[in-house]
Amino acid sequence: MNDLFATAQPRAPLADALRPKSLDEVVGQQHLIGPGKPLRLAFESKKPHSMILWGPPGSGKTTIARLMAKAFDAEFMALSAVFSGVKDIREAVQSAEAELARSGRHTILFVDEVHRFNKAQQDAFLPYVERGLITFVGATTENPSFEVNSALLSRATVYVLEPLSPHDLESLLDRTAAPVDQGAKDRLIGFADGDARRLLNAVEILMNTGATSIDAAFVEQTLAKNLRRFDKGGEQFYDQISALHKSVRGSDPDAALYWMVRMLDGGADPRYVGRRVVRMAVEDIGLADPRALRIALDACETYERLGSPEGELALAEAVIYLAAAAKSNAVYEAYNAAQDFVSRDGTRPVPMHLRNAPTRLMKDLGYGKGYRYAHDEEGAYSAGQRYFPEGMAEPGWYQPTERGLEAKIREKLAELRSKK
């Protein structure tokens with residue numbers, strides 16, 4: 001390993017040069033590949049099975065798939081769901097059939113970012129997995145329960161990979177023989193944030209400068225913020241969004257601000273953050289403080305006008321306001337209840353008195369007959385007039401809380417209902 005950087009000859013990327021050649025060389029994931037653990041036993045059995053490898057970037061998904069092919073003396077074929085379609089799947093299957101006929105060798109088909117395939121594309125694998133023509137290995141940063149269809153999921157074992165620990169990353173860093181002191185190691189491990197590929201790419205950037213001695217200051221100066229990790233489509237992304245949303249819901253302005261800044265600092269699109277803030281305003285605050293929605297929308301518009309970095313301050317203002325505002329999910333619960341009812345209920349006709357009657361024929365047929373115009377009655381309220389289909393009981397979906405403006409809405413609705 002010591003001559004990895006000593007030659008001026010063209011070389012493979014560091015991540016490829018250090019790719020493990022056996023399971024024993026894999027760094028991390030000992031809960032899966034350690035003695036007696038599931039993947040170790042699968043390798044030792046020499047009986048391949050289809051699987052989903054779920055884990056963050058740089059945790060070893062591709063490496064494990066390649067080692068499977070070597071361990072089982074199988075042909076290795078890789079597809080990326082980002083660049084492939086059903087046509088590529090068919091071609092891969094045809095290649096697998098040809099290889100089986102030619103040499104008798106089985107094929108391991110590795111699909112990177114399988115969550116990016118739609119349902120039809122995922123379904124295209126099923127007949128070949130069932131026939132045993134291919135062993136399917138899908139890699140994903142997303143929760144397979146949500147992103148992989150149930151038919152494919154039922155035919156594969158899910159293995160959960162974890163981010164590499166600081167100890168694992170230090171072991172990997174030592175293999176590069178890069179001339180880094182302990183301070184530089186600490187900074188690189190922090191930059192990598194559990195991602196082996198990110199660590200090796202960072203080391204390669206440093207070594208390409210020609211430096212023969214690297215300290216923490218050099219790492220900071222060279223890498224700056226461009227190596228901060230934010231997996232925009234992965235599990236970490238949704239975890240941080242969840243933490244931001246729950247901090248707002250829990251009325252903790254400081255925590256909400258922390259998670260928002262963490263996301264922005266890591267590279268999240270402020271427009272996306274703004275959209276989620278709008279969602280929080282309607283889901284968790286609603287009519288307890290209708291100003292929250294307007295403030296959230298104004299923050300989004302302000303960001304569009306100012307851009308970065310000034311526009312983020314408006315988002316921060318909205319997040320803090322939402323966290324401090326009175327909370328109510330009454331609108332959210334009412335909407336969900338109504339949606340659930342309608343999805344299960346039959347198609348009820350609109351009562352005649354509520355129907356529009358723009359033509360004489362419609363009027364003659366009784367459309368709109370008996371309708372009472374609320375503005376012509378006391379308090380602009382037609383007491384006793386029903387607005388639901390015939391035979392449908394009033395469900396009472398919207399139940400205002402006693403917080404914020406909803407307390408007054410609650411009183412108003414109670415007063416109106418008492419007049420029926």
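Predicted model: local features only at pLDDT ≥ 70, side-chain atom pairs only at ≥ 80, totals over all residues.
**Figure 1. What covers the buried residues of helix α5.** The buried residues themselves are Ile89, Ala92, Val93, Ala96 and Glu99. Seen down the axis of α5, they fall within an arc of 120°, so they line one face of the helix. An α-helix has 3.6 residues a turn, so residues three or four places apart point the same way.

**Figure 2. The other side of α5, and its end.** Lys87, Arg90, Gln94, Ala101 and Arg102 are exposed on the other side of the helix. α5 runs over residues 86-103, 18 residues in total. From first C-alpha to last it reaches 26 Å, close to the 26 Å expected at 1.5 Å a residue. Glycine 104 comes just after the helix, with a positive phi of about 80°.

**Figure 3. The largest pocket.** This pocket holds about 620 Å³ of space. Its lining is made up of 29 residues. Pro57, Gly58, Ser59, Gly60 and Arg197 lie nearest the pocket centre. Several elements each supply at least two lining residues: α1 (14-17), α4 (61-71), β4, α10 (166-176) and α12 (196-207). By class, eleven lining residues are nonpolar, eight are polar and ten are charged.

**Figure 4. Isoleucine 64 in helix α4.** Isoleucine 64 is a residue of α4. Its relative accessible area is 1%, so it counts as buried. Beyond its neighbours within four places in sequence, isoleucine 64 is in contact with Leu39, Phe43, Leu53 and Leu161. Leucine 126 is 62 residues away along the chain, and the two C-alpha atoms are separated by 22 Å.

**Figure 5. Two residues in the loop between β5 and α10.** Glutamate 162 sits in the loop that runs from β5 (157-160) to α10. Glutamate 162 is partly exposed, with a relative accessible area of 43%. Leaving aside neighbours within four places in sequence, glutamate 162 is in contact with Gln29, His31, Pro56 and Ser59. Glutamine 30 is 132 residues from glutamate 162 along the chain, yet their C-alpha atoms are separated by 9.7 Å. Serine 165 is found in the loop between β5 and α10 as well. Serine 165 is partly exposed, at a relative accessible area of 27%. Its C-alpha atom is separated by 42 Å from that of arginine 305, which is 140 residues away along the chain.

**Figure 6. Lysine 46, with a positive phi.** Lysine 46 is found in the loop between α3 (38-45) and β1 (51-54). Its phi is near 60°, a positive value in a residue other than glycine. Most residues other than glycine have a negative phi, and most peptide bonds are trans. Lysine 46 has 53% relative accessibility, so it counts as exposed.

**Figure 7. Serine 251 and helix α15.** The loop between α14 (235-249) and α15 (253-265) holds serine 251. Phi of serine 251 is near 60°, again a positive value in a residue other than glycine. Serine 251 is partly exposed, with a relative accessible area of 38%. α15 has 13 residues and reaches 18 Å from its first C-alpha to its last, close to the 18 Å expected at 1.5 Å a residue. Ala256, Met260, Met263 and Leu264 are buried in α15. Seen down the helix axis, these buried residues fall within an arc of 100°, so they line one face of α15. Glycine 267 follows α15, and its phi is positive, near 110°.

**Figure 8. A cis peptide bond at proline 309.** Serine 308 and proline 309 are joined by a cis peptide bond. Omega is about 0°. Proline 309 is found in the loop between α17 (291-306) and α18 (311-324).

Technical notes
Residues numbered from 1 in each chain as written. Heavy atoms only, no water. Helix = DSSP H or I, 4+ residues; strand = E, 2+ residues; numbered from the N terminus. Expected span 1.5 Å × (residues − 1). Buried < 20%, exposed > 50% of the residue type's maximum accessible area, 1.4 Å probe, protein only. Arc of directions from axis to C-beta. 1 Å grid on protein atoms, 1.4 Å probe; cavity = no way out; pocket = protein on both sides within 12 Å on 5 of 7 lines; lining within 4 Å. Points joined across faces, edges and corners; volume = space filled by probe spheres on them. Nonpolar A, V, L, I, M, F, W, Y, C, P; charged D, E, K, R; others polar. Contact = heavy atoms within 4.5 Å.
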